[in-house]
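Visitor: Please show me the model, and then take my questions one at a time.

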Number of protein chains: 4
Amino acid sequence: MSTYGTLFRVTTYGESHCASVGAIIDGCPPGLELSAQDVQVQLSRRRPGQSNLTTPRDEKDLVHIQSGIEHGVTLGTPIGLLVKNEDQRPKDYSETDLYPRPSHADYTYLEKYGVKASSGGGRSSARETIGRVAAGAIAERYLKLAYGIEIVAFVSSVGKIHLPSTVPTPANEDDDTAQDALTPEFRALLGSITRAEVDAQPTRCPHAETAERMTQRIIRAKDAMDSIGGTVTCVIRNVPSGLGEPVFDKFEAKLGHAMLSIPATKAFEIGSGFRGTEVPGSQHNDAFVLKANGKLGTTTNWSGGVQGGITNGEDIYFRVGFKSPATISQSQATAQYDGTPGALAARGRHDPCVVPRAVPIVEAMAAIVVLDELLIQNARRTAAGLLPPITTLPPTMVMPK
Amino acid sequence: MSTYGTLFRVTTYGESHCASVGAIIDGCPPGLELSAQDVQVQLSRRRPGQSNLTTPRDEKDLVHIQSGIEHGVTLGTPIGLLVKNEDQRPKDYSETDLYPRPSHADYTYLEKYGVKASSGGGRSSARETIGRVAAGAIAERYLKLAYGIEIVAFVSSVGKIHLPSTVPTPANEDDDTAQDALTPEFRALLGSITRAEVDAQPTRCPHAETAERMTQRIIRAKDAMDSIGGTVTCVIRNVPSGLGEPVFDKFEAKLGHAMLSIPATKAFEIGSGFRGTEVPGSQHNDAFVLKANGKLGTTTNWSGGVQGGITNGEDIYFRVGFKSPATISQSQATAQYDGTPGALAARGRHDPCVVPRAVPIVEAMAAIVVLDELLIQNARRTAAGLLPPITTLPPTMVMPK
Amino acid sequence: MSTYGTLFRVTTYGESHCASVGAIIDGCPPGLELSAQDVQVQLSRRRPGQSNLTTPRDEKDLVHIQSGIEHGVTLGTPIGLLVKNEDQRPKDYSETDLYPRPSHADYTYLEKYGVKASSGGGRSSARETIGRVAAGAIAERYLKLAYGIEIVAFVSSVGKIHLPSTVPTPANEDDDTAQDALTPEFRALLGSITRAEVDAQPTRCPHAETAERMTQRIIRAKDAMDSIGGTVTCVIRNVPSGLGEPVFDKFEAKLGHAMLSIPATKAFEIGSGFRGTEVPGSQHNDAFVLKANGKLGTTTNWSGGVQGGITNGEDIYFRVGFKSPATISQSQATAQYDGTPGALAARGRHDPCVVPRAVPIVEAMAAIVVLDELLIQNARRTAAGLLPPITTLPPTMVMPK
Amino acid sequence: MSTYGTLFRVTTYGESHCASVGAIIDGCPPGLELSAQDVQVQLSRRRPGQSNLTTPRDEKDLVHIQSGIEHGVTLGTPIGLLVKNEDQRPKDYSETDLYPRPSHADYTYLEKYGVKASSGGGRSSARETIGRVAAGAIAERYLKLAYGIEIVAFVSSVGKIHLPSTVPTPANEDDDTAQDALTPEFRALLGSITRAEVDAQPTRCPHAETAERMTQRIIRAKDAMDSIGGTVTCVIRNVPSGLGEPVFDKFEAKLGHAMLSIPATKAFEIGSGFRGTEVPGSQHNDAFVLKANGKLGTTTNWSGGVQGGITNGEDIYFRVGFKSPATISQSQATAQYDGTPGALAARGRHDPCVVPRAVPIVEAMAAIVVLDELLIQNARRTAAGLLPPITTLPPTMVMPK
């Protein structure tokens with residue numbers, strides 16, 4: 001449904017063409033200094049009309065916070081917020097009264113609900129993600145202040161143009177193979193990449209030459225009244241060990257759930273992902289080593305920061321696949337709702353490629369998951385810490401306090 | 001935590017070396033004819049010791065049903081069941097008192113809980129999946145009887161050996177590229193594959209020649225005291241349209257959550273998945289066409305049966321990546337819990353490759369998700385069906401009853 | 001937290017003095033004809049300033065629906081709505097900067113969150129109930145149209161003035177004893193009472209003479225700058241049998257949870273309640289009898305329509321106790337936040353008695369619970385109905401279809 | 001359904017006559033020293049056959065712990081446990097094949113599920129509570145060790161025999177009026193009562209003379225082949241302030257939900273309850289005062305330890321009403337399932353009064369609620385404590401750290 005999370009919880013509402021879209025963010029830790037501007041920054045990174053690569057729907061997406069904050073400090077009570085739908089042009093979609101758009105949600109929403117919104121796909125709209133981004137901005141502000149946690153996502157492929165796994169070494173960049181999580185260069189990138197570096201490119205791919213090729217690929221799709229997909233890679237740094245709940249709520253299961261709930265996603269992998277299934281255990285295992293802070297770390301990080309469903313303190317990284325947008329302007333042979341064959345050419349304004357705008361959405365969902373899991377684990381850790389010392393266990397079974 | 005589902009709900013308990021593992025399955029529709037044998041069949045497909053490809057832990061895994069069934073019929077009340085842990089040999093793991101196994105859950109469980117089970121990774125054990133498989137067997141029996149739904153999973157890769165996308169055409173089988181969801185041959189395979197065909201091969205890859213190469217690959221890993229990963233592909237046929245709850249509980253999000261909660265999984269993709277992100281929308285969109293049953297279908301199925309997070313009535317198929325098992329017998333350079341460098345050679349009995357035994361687990365989680373979503377959607381559909389006809393809506397916004 | 005419900009779900013936000021209060025109502029059946037006016041009617045019954053018995057805060061409480069409805073029909077997607085806080089006078093509460101109001105939430109909110117809203121008790125405000133009432137108005141519209149379900153609450157006591165159990169027989173009305181659920185007169189009242197009859201009295205007690213005495217009691221409290229409590233009784237008619245989920249989510253447990261979440265409530269009883277604990281089983285048991293519609297009914301209804309946690313088709317009735325409002329204008333000896341003894345005289349505008357305005361809130365929460373349980377049970381019933389006939393059970397164990 | 005709780009979660013299974021009843025307790029803090037005996041103590045207080053006041057079903061109710069504990073210490077993983085149904089005599093109930101027992105769950109279970117257990121009311125059986133009591137015993141052991149929390153319930157009425165509110169002053173004991181929460185004597189009783197004192201009487205009423213009258217009342221019911229109801233009062237001492245989640249999950253709402261999920265309950269009140277609705281606010285408000293520990297306390301405790309849905313650190317006390325058991329041996333005029341009028345005399349073994357055995361069940365549900373709420377609040381408190389100091393708030397809005 002429209003609610004996500006256990007202790008940090010976001011509930012959203014809103015279709016493409018209604019009065020507003022909004023969210024209620026419940027469970028935000030009290031005492032957090034937070035301004036509307038903290039939220040606005042990420043909303044503005046998500047909004048359409050940022051460059052010639054995105055839809056010309058130019059909406060300012062100004063957030064209006066309704067509750068939960070006084071004098072710039074969170075009260076611990078639900079934060080209600082909304083963004084008005086300024087640019088409503090429902091007439092653009094009139095032909096979709098007859099045709100369900102292929103691979104869009106028009107048909108399935110009608111099958112599910114028996115009625116449909118004038119926009120067709122109901123909540124299956126990019127505007128639905130505004131509430132997520134707002135909630136994520138709040139979550140990540142907490143995570144940054146309390147834990148120094150950093151979340152940075154970037155575009156790792158557009159169509160067949162992939163960020164080389166050996167960035168920043170430029171020699172291999174013609175090798176458009178799937179990205180390899182394992183090179184020292186890639187691990188270094190994950191360890192240092194910043195949002196500023198990501199935003200330096202309109203495509204949000206942090207490697208300038210690859211980014212330029214991606215730009216050309218997107219423009220080619222746009223000119224052809226077509227669309228193209230891509231992938232977003234995200235890293236979360238400084239997450240404490242111990243997050244994630246066995247067995248059904250493993251950290252990667254919650255993360256995968258969150259990512260696959262973003263519109264247009266079809267794939268998710270953490271750490272070495274599908275590629276790692278081809279590597280023998282003897283190479284794939286991440287050996288332990290003592291770190292400077294006195295805790296164990298791993299020499300490699302094929303696990304992507306999660307082992308047995310629980311974070312191990314290493315960088316968490318994952319990749320999300322976004323399909324090519326279903327709504328395209330070129331004519332498509334398809335059938336009407338009543339089965340009559342015909343051809344649909346969707347008017348309206350559409351993104352030829354969603355991944356640049358998907359970057360803050362992926363970051364937002366990551367922040368929501370991390371904060372929720374952090375609160376749950378803190379509940380357990382605090383509870384265990386209040387018990388008297390264990391006297392009956394063999395020493396190897398107990399972690400020194 | 002250890003509970004999954006909203007209306008059909010499974011809760012499990014049990015580590016590797018405790019008295020028993022078990023589950024409580026709540027929300028099973030009443031009036032379902034069900035015997036212990038219906039559950040046992042899938043448990044036996046999951047159990048170790050089935051062939052020389054799996055761990056020699058030979059446990060019969062006999063299920064004992066405690067409640068919820070009388071005279072062979074479900075009462076609608078919770079079904080309690082358990083499987084005793086017959087073969088407990090905790091001493092095998094004694095060296096892991098000192099070493100956390102690399103890429104296993106030993107370290108993270110200790111970080112999370114501050115204490116650890118003698119087996120190390122606590123619930124991060126293959127035996128934990130017994131409760132899932134039992135619950136799934138019950139769910140799929142309902143789905144089969146009430147809807148004719150069929151769920152079949154199979155091994156689609158072991159290491160770099162991939163089931164060719166052009167099966168049953170044998171010419172391309174030397175092409176070990178990632179499987180392509182798009183060939184007519186592959187779509188035909190999805191439409192017809194049966195469990196009998198899958199079980200005809202010890203690897204559970206339904207293509208004999210590929211299966212033989214997979215067998216050799218697994219034996220090679222076993223002989224090298226190493227391990228190897230792989231992927232499982234699963235198809236769900238005859239699922240009604242309309243399942244899946246926007247926005248956070250999209251069908252693929254729930255499915256991905258369920259699959260990524262299975263031990264050793266690192267990746268999930270539905271339909272065209274990552275491969276599909278490289279295909280332009282004009283080719284990737286699934287055009288609609290009138291089917292013989294009077295409903296709309298699609299000419300292709302890159303969507304994998306889900307659009308906008310809601311099922312569209314086409315075959316649902318997805319692929320799950322399992323990493324190479326972390327527990328291997330060869331010596332690994334790593335550190336002890338206290339940071340002392342050393343080398344660990346795990347004794348005990350381990351699967352060199354988990355994907356053959358993962359097949360019934362993937363089927364089980366799929367069945368659980370489908371039944372839960374089906375119950376939820378039936379609640380909505382039944383509710384909407386009781387309302388008086390809508391008088392104020394334009395006809396194009398209403399589905400004819 | 002701020003979300004209630006499983007399949008029909010309401011999430012609310014808003015304190016007393018923020019920009020607005022609002023709610024997201026998720027899971028409303030699609031295809032329901034619904035206007036803002038349907039919601040407004042109940043909001044207006046809840047709002048302050050309706051008579052000289054309530055707080056002079058005169059807020060129009062106009063609802064603004066944001067999403068989920070087009071052309072006057074629900075889409076099945078979340079209904080976002082809000083009511084602006086027109087009359088914000090935070091200065092009225094300035095003395096509470098020093099003093100936590102006795103028996104109010106000022107102290108506990110500060111203990112819980114470490115910060116507090118300027119209004120003191122944060123969400124512990126009557127305005128928080130606006131979202132509930134709006135959600136309830138939507139739920140009850142569905143229930144009325146689809147099932148003919150009627151929900152009517154009324155004031156059954158103010159202080160020691162109780163609605164006589166023998167209404168409409170006027171002779172006993174001087175007997176201010178606790179109401180007796182068992183007289184034929186009271187059962188007849190439950191079976192026929194309407195909102196119009198309830199609203200005919202400013203106190204919302206449907207018995208004119210008792211109502212007049214209640215009015216005098218409230219005015220006496222008001223004149224004394226004091227407050228007084230009371231009880232609200234509610235009946236739900238035409239609820240199908242079979243609602244309620246054993247074992248932790250029995251119908252009365254869900255109903256009790258919902259009612260005890262309303263501000264100022266301290267007590268809940270269903271059917272014969274506390275009084276019934278004094279009656280022997282031989283008298284208290286509700287004998288079965290065949291009803292005109294061919295189903296079993298009961299000759300008495302001490303059970304209040306629920307047996308074993310499941311509805312039996314009879315009228316559901318329950319009683320909710322509301323304490324005397326904590327905020328009073330007369331001076332109270334108490335301590336400041338820092339422990340300094342002193343005296344607090346709260347300024348501001350307060351209800352001397354909340355029960356007349358609580359009536360639509362009780363109705364709203366009842367409607368939310370019934371719809372949620374109805375959706376859940378319909379999921380089960382529909383699922384069971386799709387199974388083949390049971391062949392192995394003794395006939396006495398199966399309900400004829 | 002059969003699962004209760006958010007972070008501390010219990011799931012149960014089992015009918016009256018199946019192989020076993022059991023529970024999975026998930027979320028128990030790790031590192032808790034816990035033996036089977038800790039659980040057995042409360043199970044033995046709950047079991048039948050303890051005295052001539054209870055059913056002669058003499059079941060030992062030995063608990064078998066399956067998982068989650070090693071070397072007498074909890075691992076943090078789910079604790080599976082079960083109790084075998086030793087004494088199954090389904091034939092006793094054969095007449096209920098024709099007759100639904102009046103006010104029992106036979107009819108409603110059949111209406112809900114369409115099939116019924118041979119025992120009639122399915123899970124609506126006293127044996128269902130075994131899982132609750134086991135979970136509660138674990139919860140309260142944690143609460144005692146980590147917080148010194150004490151939970152003591154006792155019988156406060158049987159039929160019209162009420163524990164005098166002025167205990168231990170014996171003069172008023174002939175006054176069988178409803179108990180008054182407000183006398184100093186009663187408050188002193190709540191502050192000191194122990195389980196040993198409670199168990200000193202077979203009726204579990206801690207006042208010997210009243211207890212003796214209760215015993216006579218129960219024996220009278222038993223001799224008449226009838227039954228009688230009663231109330232249980234429970235106090236929870238040493239609960240920290242700040243527990244309970246606004247708005248729908250107020251502490252008393254969770255507590256009420258938990259209590260009203262116990263079989264045969266019809267009523268719940270916290271603090272002054274229904275009686276308090278009759279007292280003006282000026283008398284009912286609990287004035288604050290500085291306590292010896294430097295925190296605020298209240299001079300009276302009409303609130304029952306909860307204000308605004310959040311605990312305030314004072315003793316929490318509440319009362320639960322249990323109806324007279326529905327199963328009685330004397331003949332009752334009623335109808336068969338098919339509507340045929342007749343008379344039913346239930347054979348079998350039944351409790352003439354459930355309240356003595358209900359005492360440990362009430363304690364168990366109280367412990368489960370408190371631990372769950374404590375874990376949730378600790379998550380929040382820990383999270384807030386990690387934030388930098390608030391700089392922008394007026395000092396009156398912040399609690400000194």
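The questions and answers below go from confidence to interfaces and then to local features.

Visitor: What mean pLDDT does chain A have?
Guide: This is a predicted model, in which local features need pLDDT of at least 70, side-chain atom pairs count only at pLDDT 80 or more, and totals for chains, interfaces and linings use all residues. Residues are numbered from 1 along each chain as its sequence is written, and chains are lettered from A and ligands numbered from 1 in the order in which they are written. pLDDT is the predictor's confidence in each residue, from 0 to 100. In chain A, 91% of the residues reach 70 or more, and the mean pLDDT is 89.

Visitor: Over which residues of chain A does pLDDT stay under 50?
Guide: Where pLDDT is low, the predicted coordinates should not be read in detail. The model has 19 contacts beyond four places in sequence for the stretch concerned, a contact being two residues whose C-beta atoms, placed from the backbone, lie within 7 Å. The stretch in chain A is residues 168-179.

Visitor: What rotation superposes chain A on chain B?
Guide: Copies are superposed by least squares on the C-alpha atoms of residues with pLDDT of at least 70 in both. For chain A on chain B the RMSD is 0.0 Å and the shift along the axis is 0.0 Å, with a rotation of 180 degrees. The two copies are therefore related as by a two-fold rotation axis. The same surface serves both, as 100% of the contact residues of chain A recur in chain B.

Visitor: Which residue of chain A comes closest to that rotation axis?
Guide: The distance is taken at C-alpha and comes to 2.4 Å. The residue is H257(A).

Visitor: Which element gives the most residues to the side of chain A that touches chain B?
Guide: The contact joins 100 residues of chain A to 100 residues of chain B. By class, the side of chain A has 39 nonpolar, 44 polar and 17 charged residues, where Ala, Val, Leu, Ile, Met, Phe, Trp, Tyr, Cys and Pro count as nonpolar, Asp, Glu, Lys and Arg as charged, and the others, Gly among them, as polar. Elements are DSSP runs numbered from the N terminus: helices are H or I of at least four residues, strands E of at least two. With six residues, the element that gives the most is helix α2 (residues 106-113) of chain A.

Visitor: What is the bridge partner of F268(A) in β11(B)?
Guide: Strands pair if DSSP finds at least two bridges between them. Strand β11 (residues 265-270) of chain A and strand β11 (residues 265-270) of chain B pair in the antiparallel sense over three bridges. The partner of F268(A) is F268(B).

Visitor: Which element of chain D gives the most to the side that touches chain B?
Guide: This contact takes 34 residues from each of chain D and chain B. On the side of chain D, β2 (9-13) and β3 (20-26) are the elements that give two or more residues. With four residues, the one that gives the most is β3(D).

Visitor: Which strands stand at the edges of the open sheet of chain A?
Guide: The sheet has five strands in the order β1-β2-β3-β7-β4, with antiparallel pairing. Each edge strand has a single partner strand, so one side of it is left without a neighbour in the sheet. The edge strands are β1 (3-4) and β4 (63-65) of chain A.

Visitor: Is A264(A) buried or exposed?
Guide: Phi of A264(A) is near 80 degrees, a positive value in a residue other than glycine. A264(A) lies in the loop between α7 and β11 of chain A. With 23 other C-beta atoms within 10 Å, A264(A) is buried.

Terms used
A residue is buried if 20 or more other C-beta atoms lie within 10 Å of its own, exposed if 12 or fewer, and partly exposed in between; C-beta atoms are placed from the backbone.
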